[in-house]
Amino acid sequence: MSVAAVGRLSRSASRAVAKAANGFHLLRIEGYSETEMVLPGQKISSQDFTVGDYSWRVDCYPNGRDTSTKSNAMSVYLQLTDHTHRLLRARYKFSLLDRAGNAGFELPAETASFTSVSSMYHYRTSVLASVDEQGPGCGHEEFIGREELERRRDDRIVLRCEVGVTQIECSCLAADELSDEEEDEQYDAPGYGYGPPRPRRLRRRTDDDEYVKWCLTEEPRRSRGYRQVRPRGFGHPNWY
């Protein structure tokens, strides 16, 4: 069998690991009683924060998000501000903390799909956005009533927003590309023009079943018989 007729036989394997990424952000609003004069649909936005390699923002509407009428309840929303341009599924939960840092009021966690908010909707804390700059997002139209807040007799409120996403880390597990030819039919070129060509020792090509069994059990690390690439991971959203 000539060297020119030899084909290349390839086998490869990759590895993906799903991991949970969780975090929270606190938005503290002082002088909350003064927000009674804020127009419906206007919001107080937090600074951007990061969970799972993505940027998020909390929007608080003291007098409701609905612009048609003044609401007797506060609205809270979570916005995805990362320029991903893709749909991202995440879990979120809002709570109101007391002076001791405990949840004095909270709603159950929910899971929803988020789309990134346009850069024109980015605002920093203490800036009230106009009513036509709400952007997308997920949250609660009626989070807590104003009467409930007034009964707490505290002019400072602290919102806690918990966020959870799933990240996928991918890496190369093994790559194997060998020549399917006999040992005595492959030669190295003569070294520097001296002497005849020399037979070159070939690695033993393992059986496919053995290769599969190795890939089922081994961790990504250098092992004799297979060429491996240094693991390279990246964050990626996934569905819950």
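The lining of the largest cavity in this predicted model is made up of two nonpolar residues, no polar ones and four charged ones. The residues concerned are Leu97, Asp98, Arg99, Asp154, Arg156 and Val158.

With regard to the overall architecture, the secondary structure of the protein chain consists of two helices and 13 strands. The chain has 240 residues, of which 38% count as buried. Among the contacts that join residues at least 6 apart in sequence, 72% link residues that are at least 24 apart.

Several individual pairs illustrate how positions separated along the chain are placed in space. Arginine 153, in turn, occupies the loop between α1 (146–151) and β11, and its C-alpha atom lies 9.9 Å from that of serine 33, although 120 residues separate the two in sequence. Because its relative accessibility reaches 80%, arginine 153 counts as exposed.

Helix α2, which spans residues 208–217, has Tyr211, Trp214 and Cys215 as buried residues. These three cover an arc of only 95° around the axis, and they are therefore placed on the same side of α2. On the face of α2 turned away from the buried side, the exposed residues are Asp209, Lys213, Leu216 and Thr217. Valine 212 is also found in helix α2, and with a relative accessible area of 45% this residue is partly exposed. Between the C-alpha atoms of valine 212 and arginine 11 the separation is 9.6 Å, while along the chain the two residues are 201 positions apart.

The cysteines were also examined for covalent pairing, and the search of the whole structure finds zero disulfides. For cysteine 215, the nearest cysteine sulfur is that of cysteine 172, at a distance of 9.2 Å, and cysteine 215 is in no disulfide; a pair of cysteine sulfur atoms would have to lie within 2.5 Å to be counted as one. Cysteine 215 has a relative accessible area of 16% and is therefore buried, since the limit for that class is under 20%. Cysteine 60 likewise counts as buried, because its relative accessibility is 0%.

Threonine 35 is situated in the loop between β1 (8–30) and β2 (43–45), and its relative accessible area of 7% places it among the buried residues. When neighbours within four places in sequence are set aside, the residues in contact with threonine 35 are Ile44, Pro62, Asn63 and Arg146. Aspartate 53, by contrast, is exposed, with a relative accessible area of 55%, and its place is in the loop between β3 (49–51) and β4 (54–61). The backbone of aspartate 53 has a phi angle near 65°, which is a positive value in a residue other than glycine.

Terms used. Residues numbered from 1 in each chain as written. Predicted model: local features only at pLDDT ≥ 70, side-chain atom pairs only at ≥ 80, totals over all residues. Heavy atoms only, no water. 1 Å grid on protein atoms, 1.4 Å probe; cavity = no way out; pocket = protein on both sides within 12 Å on 5 of 7 lines; lining within 4 Å. Nonpolar A, V, L, I, M, F, W, Y, C, P; charged D, E, K, R; others polar. Buried < 20%, exposed > 50% of the residue type's maximum accessible area, 1.4 Å probe, protein only. Helix = DSSP H or I, 4+ residues; strand = E, 2+ residues; numbered from the N terminus. Arc of directions from axis to C-beta. Contact = heavy atoms within 4.5 Å.
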